[in-house]
Amino acid sequence: MSLRPEIHFSSVFEHCSLNNNFQCFQGNPLNRLNLHRKSLQDIVQHSQSRFLPFRQFKVLFNQEKKQPVWLTYQFLFENTNEQKLTIDQCEFVLLGIGSRLLADRSSFVTTTEPTKIDSKLLSKFLLASEPTPDEYIYFALSIPNNSTDNLPGTYMELRPLLSQLSVIDAAVCGQGRALLDWHTSNQYCGKCGTSTISLEGGTRRKCTKCNHTIYPRTDPVIITLIIHADKEHVLLGRKPSFPPFVYTCLAGFIEPGESIPEACSREVWEESGIVVDTNETHYFDSQPWPFLGGQLMIGCYTYAIDETITLHDSELEDCRWFSRNEIADMIQRGRNISLDKNDQGLRIPPPIAIAHQLIYNWYSRKTNNFKT
Ligand SMILES: [Zn+2]
């Protein structure tokens, strides 16, 4: 993804509702400093470093200001009267360098308008090894479960918190959560079973015995809206685990040796019995999804060539073709955050899900031609 230097403080819910080509967790404004990670130990204690604490993957959040809580190294590790944390107890990962506004908004009025950084900064972003006076170096920090912690704020699950987050907060918290989750799951070498250590700001881990190196991974998942040959219906399904009345696009992991169209074709047939044309798989957009170990949702449109529904693998409890009129109602309910709890109408997921954007984009276009 190209660098996005703008700082976007509008609500991620609102922004996704207004921009059907923007996905929640996109728009991360930080320069990830790929060329300068080796000097990490020197910059952890830098006066311009800021840390976002997580505990059990819950993010520290200020409910009054509706912002994640960024703390200094000194506050976290040198305030011995209040805190008993040491840096060695914590897993920390470098997120990148970016505007101070991400952490310091006291002098900044939050509006729905994006605030542009001087565009000249873009070239500097690519080369920076030191933050300018306008910037901070941002880290995510995992606080160990067994430590004392009186940090200011409340630890909250990221997913339900999204309705309160801005575009950039969602993206940066998502980056931190996904990286910390990867570290937790890779404490031991997959080849020899010895413990591993984090290197270069948490962008890789190395076995302390056999030197095997592992890198943070993201699992590719296809998610597809299947369009009927009559161009007026689309296929949506629901799993037993979904919230009541929610139907969505079919999705599944890409297996080793599969291309994106092949994965769409297999997954759709397994779950619904529908046969799709593998020559007509059209990429829509992708969404980093920092849950369940870290995934990349790859959104596609596919076209059915056999529309008979058979639930081969029983993963879905129901799967149906929906008309444009039905979809219109389902979109409305998916967007209505104050929907009556007794409303039993069918709905699609909210706009922060790429499934919503796939469906809305199909519905709102007059043509079914998604070729790019
Ligand atoms: Zn090893």
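**A conversation about the chain**

Visitor: Which residues of helix H9 are buried?
Guide: In H9, which spans residues 354–364, the buried ones are Ile354, Ala355, His356, Gln357, Leu358 and Ile359. A residue is buried if 20 or more other C-beta atoms, placed from the backbone, lie within 10 Å of its own. This is a predicted model, in which local features need pLDDT of at least 70, side-chain atom pairs count only at pLDDT 80 or more, and totals for chains, interfaces and linings use all residues. Residues are numbered from 1 along each chain as its sequence is written.

Visitor: And what covers those H9 residues?
Guide: The cover includes strands E10 (219–227), E11 (233–238), E14 (282–289) and E15 (295–306), together with helix H8 (324–335). Helices (H or I, at least four residues) and strands (E, at least two) are DSSP runs, numbered from the N terminus.

Visitor: How many helices and strands are in the chain?
Guide: The chain has nine helices and 16 strands. Of its 372 residues, 38% are buried.

Visitor: What about H7, how far does that helix reach?
Guide: H7 (residues 260–272) has 13 residues and reaches 18 Å from its first C-alpha to its last, close to the 18 Å expected at 1.5 Å a residue. The expected span is 1.5 Å times one less than the number of residues. Just after H7, Gly273 has a positive phi of about 80°.

Visitor: What do its buried residues pack against?
Guide: Buried residues of H7, including Pro261, Cys264 and Val268, pack against E10, E11, E12 (250–253), E13 (275–276), E15 and E16 (318–323).

Visitor: New topic: what is the order of the open sheet of three strands?
Guide: The order is E7-E8-E9, with antiparallel pairing. Strands E7 (196–199) and E9 (213–214) are at the edges with a single partner strand each, so one side of each has no neighbour in the sheet. Two strands pair if DSSP finds at least two bridges between them.

Visitor: How many bridges do E7 and E8 pair over?
Guide: E7 and E8 (residues 204–207) pair over four bridges in the antiparallel sense. Ile197 stands opposite Lys206 in E8. The two strands form a hairpin with four residues between them, and Glu200 in the turn has a positive phi of about 50°.

How values were computed:
A residue is buried if 20 or more other C-beta atoms lie within 10 Å of its own, exposed if 12 or fewer, and partly exposed in between; C-beta atoms are placed from the backbone. Two residues are in contact if their C-beta atoms, placed from the backbone, lie within 7 Å.
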